[in-house]
Amino acid sequence: MKSILEEYKCGKARLLTMLEESDDPVVKTLQPSLKTGRKWKVTEAVDEAKECFKMNEVIGQTQTDRRGLGSTTAKWWSKTEGKEKRDMVTDEIRNKEDSKLVQKAVQQPQQGQWTNWDTAIQRSLIWNDIWHMAPLRISFLIRSVYDLLPSNANLVRWVKKDNPKCPLSQGRQTTEHVLSSCKVALSQGRYTWRHNRVLQELASVISTAKGEIQPSSTSSTVFTTEDGVKKWHGGSVIINICEITLLSSDHLPLP
Ligand SMILES: [Zn+2]
């Protein structure tokens, strides 16, 4: 997802370069000034990007990865024209903005955890998707991704609790622990139960869409505990799996 600030800066830079290269001699010589914020000036940013390209041209082509010499093609500022030139400027501004965000993120232990994700699957979310999601679902999604749910470990960090332990396994109760790595929850079949509930939900949606009679959902799948069989009802159990209530039953992250 692109930041709005980044889009704003790129838009301004694109407009300035278009005006600079205008076919109309009046516009070209007049050099209209574009209004931007106090801290960021579009003319300075564009000039900086151009200087950067000129510098790169002086340095020449360098090897940045393990590919063979000459296998990468570089775009040279002096040899490009029109739209390609404008794109180079906006790309440079975009890259600068991205690297600024990354620099900021690595300094933040909690919010910047994504800088350490190596195997995470990319998910493209656009603003339109977010606006059409139920508020509590998006809240759960974001807070689980950035580890901001009130697990015991986080409650200790926020000085709301003294004990970060999981009541089931006595391990440190982080969000990851609750959702997928509590050994006791695994041995008691709670994760299987959750998995089956999700499948049940999918099956009922599909059968409703096909116009079939819905399978009865009264037989709540059970998991066994040491003192026998325990039944779970309602929705909050998906989150309640590790005996903590991250959200109430209305806040279910359905598939
Ligand atoms: Zn546990």
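Tutor: Helices here are DSSP runs of H or I with at least four residues, strands are E runs of at least two, and both are numbered from the N terminus. With that numbering, α6 covers 135-145 and α7 covers 152-157, and Asp 147 sits in the loop between them. The model is a predicted one.

First, the setting. The protein chain contains 11 helices and 2 strands. Their order along the sequence is α-α-α-α-α-α-α-α-α-α-β-β-α. Of the 255 residues in the protein chain, 29% are buried. Taking contacts between residues at least 6 apart in sequence, 50% join residues at least 24 apart.

Now the helix pairs. Two packed helices are described by the angle between their axes and the distance between those axes. For helix α1 (residues 4-20) and helix α3 (residues 42-59), the angle is about 75° and the axes are 10 Å apart. Angles of 65 to 115 degrees count as roughly perpendicular, so α1 is roughly perpendicular to α3. On the α1 side, the contact uses Lys 12, Ala 13, Leu 16, Thr 17 and Glu 20; on the α3 side, Val 42, Thr 43, Val 46 and Lys 50. By class, the residues of this contact are 4 nonpolar, 2 polar and 3 charged.

For α3 and α4, the angle is about 100° and the axes are 9 Å apart. That value also makes α3 roughly perpendicular to α4. Here α3 contributes Ala 45, Val 46, Glu 48, Ala 49, Cys 52 and Phe 53, while α4 contributes Met 88, Val 89, Glu 92, Ile 93 and Lys 96. The residues of the contact of α3 with α4 comprise 8 nonpolar, no polar and 3 charged. Val 46 is listed in the contact with α1 and again in the contact with α4.

Val 42, which belongs to the contact with α1, touches Lys 12, Ala 13, Leu 16, Leu 34 and Thr 36 once its neighbours within four places in sequence are set aside. Thr 90 lies in helix α4 (residues 82-106). Its relative accessibility is 3%, so Thr 90 counts as buried. Setting aside neighbours within four places in sequence, Thr 90 is in contact with Cys 10, Ala 13 and Arg 14.

In soluble globular proteins, nonpolar side chains tend to be buried together. The largest nonpolar core in this model has 13 residues, and those touching the most other members are Ala 13, Val 42, Val 46, Phe 53, Trp 77, Val 89 and Ile 93. At least two residues of this core come from each of α1, α3 and α4. The largest share, 5 residues, is supplied by α3.

A search of the whole structure gives 3 aromatic pairs. One of them joins Trp 127 and Trp 131 in a tilted arrangement, with 6.0 Å centre to centre and 35° between the planes. These two are about one helical turn apart, because they are 4 residues apart in helix α5 (residues 127-131). Trp 127 is partly exposed at a relative accessible area of 37%, whereas Trp 131 is exposed at 66%.

Gln 170 counts as partly exposed, at 47% relative accessibility. Val 145, in helix α6, is partly exposed at 35%. The C-alpha atoms of Val 145 and Gln 113 are 9.4 Å apart, and the two residues are 32 residues apart along the chain.

Technical notes
Residues numbered from 1 in each chain as written. Predicted model: local features only at pLDDT ≥ 70, side-chain atom pairs only at ≥ 80, totals over all residues. Heavy atoms only, no water. Axes fitted to C-alpha atoms, helices over the stretch in contact; angles between N-to-C directions. Parallel < 35°, antiparallel > 145°, perpendicular 65-115°, else oblique. Contact = heavy atoms within 4.5 Å. Nonpolar A, V, L, I, M, F, W, Y, C, P; charged D, E, K, R; others polar. Buried < 20%, exposed > 50% of the residue type's maximum accessible area, 1.4 Å probe, protein only. Core = buried A, V, L, I, M, F, W, Y, C linked by side-chain atoms within 4.5 Å. Phe/Tyr/Trp six-rings, centres within 6.5 Å; stacked < 30°, edge-to-face > 60°.
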